[in-house]
Amino acid sequence: METFFRYNWMVREQWYVWCEDVPLEELLRPRMGGVGNILQTLFHIIDVEWSWLQLLQGKPDDAEDFANYQNLEAVRQLDRKLRSDVEAFVTAWDSSMEKRAYIDHRSAGKASTDSWGEVMRHVIAHEIHHMGQLSVWARELGKQPVSANVIGKGLIIPD
């Protein structure tokens, strides 16, 4: 589990570096698909990751407003601010947490129950999904996207 969170964080950092060479107006330009634009997609990835892990722990999920993060450095600062909470939870993960029940209370009194393991994997897959969208947008801009390859990132050192 931790390996794929680390993979996502590594690739996210590479996307930040990629964004440094893109004018702000392109980062904020409305795009087809996703949550709106490149910068808002990065913001959304950070917010969703932190929010889900807060909810699993029974902590308040105080949503951030993208209007307060209208440049790359502001999004990076938000990531740095929230990452410590996320990383502490991810590194403390153990197999006993896998099947804990998370009850999602929805509107109209409906609820669904999922395991913590499912939620964690959803968070991982959510970011990978949006990385694919970023890759499509990168190509539309005529730029090489960040590699999504897990191999070669040094996440697991062989014996």
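What radius of gyration would a compact globule with 159 residues have, and what value does the protein chain have? A compact globule would have a radius of gyration near 15 Å, and the protein chain has 17 Å, which agrees. Here the radius of gyration is taken over C-alpha atoms, and the globule rule is 2.2 Å times the number of residues to the power 0.38. The model is predicted: local features need pLDDT of at least 70 and side-chain atom pairs count only at pLDDT 80 or more, whereas totals for chains, interfaces and linings use all residues. Residues are numbered from 1 along each chain as its sequence is written, and side-chain values use heavy atoms, with hydrogens and water left out.

Taken along the principal axes, the C-alpha atoms of the protein chain fill a box of roughly 50 × 45 × 25 Å. The secondary structure comprises five helices and two strands, arranged along the sequence in the pattern α-α-α-α-β-β-α. Helices (H or I, at least four residues) and strands (E, at least two) are DSSP runs, numbered from the N terminus. The accessible surface, computed by the Shrake-Rupley method with a 1.4 Å probe and with only the protein chains shown counting as cover for residues, comes to about 8800 Å². Carbon and sulfur atoms account for 53% of this surface. Of the 159 residues, 42% count as buried; buried means under 20% relative accessible area, exposed over 50%, and partly exposed in between (1.4 Å probe, protein chains only). Contact denotes heavy atoms within 4.5 Å. Among contacts between residues at least 6 apart in sequence, 69% join residues at least 24 apart.

In soluble globular proteins, nonpolar side chains tend to be buried together. A nonpolar core is a set of buried Ala, Val, Leu, Ile, Met, Phe, Trp, Tyr and Cys residues joined through side-chain atoms within 4.5 Å. The largest such core has 41 residues, and those with the most contacts inside it are Trp15, Trp18, Val75, Phe89 and Met120. Helices α1, α3, α4 (72–91) and α5 (116–140) each supply at least two residues of this core, with α5 giving the most, nine residues. Leaving out residues up to four places away in sequence, Val75 touches Tyr16, Leu39, Leu42, Phe43, Ile46 and Tyr69.

Helix α3 (residues 38–56) has 19 residues and spans 28 Å from its first C-alpha to its last, close to the expected 27 Å; the expected span is 1.5 Å times one less than the number of residues. Because 15 of its 19 residues are buried, α3 is largely enclosed by the rest of the structure. At the start of α3, a side-chain oxygen of Asn37 lies within 3.1 Å of the backbone nitrogen of Leu39. Just after α3, Gly58 takes a positive phi of about 70°. Helix α5 has 25 residues and reaches 37 Å, close to the 36 Å expected, and is followed by Gly142, whose phi is positive, near 75°.

Two valines illustrate links between separate parts of the sequence. Val86 lies in helix α4 and is buried, with a relative accessible area of 1%. Beyond its neighbours within four places in sequence, Val86 is in contact with Trp9, Glu49, Trp50 and Leu53. Val22 lies in the loop between α1 (2–19) and α2 (24–28) and, at 8% relative accessibility, counts as buried. Val22 and Lys143 are 121 residues apart in sequence and 9.5 Å apart in space, C-alpha to C-alpha.

How values were computed: Polar contact = N/O pair within 3.5 Å; in protein donor to acceptor, adjacent residues only side chain to side chain.
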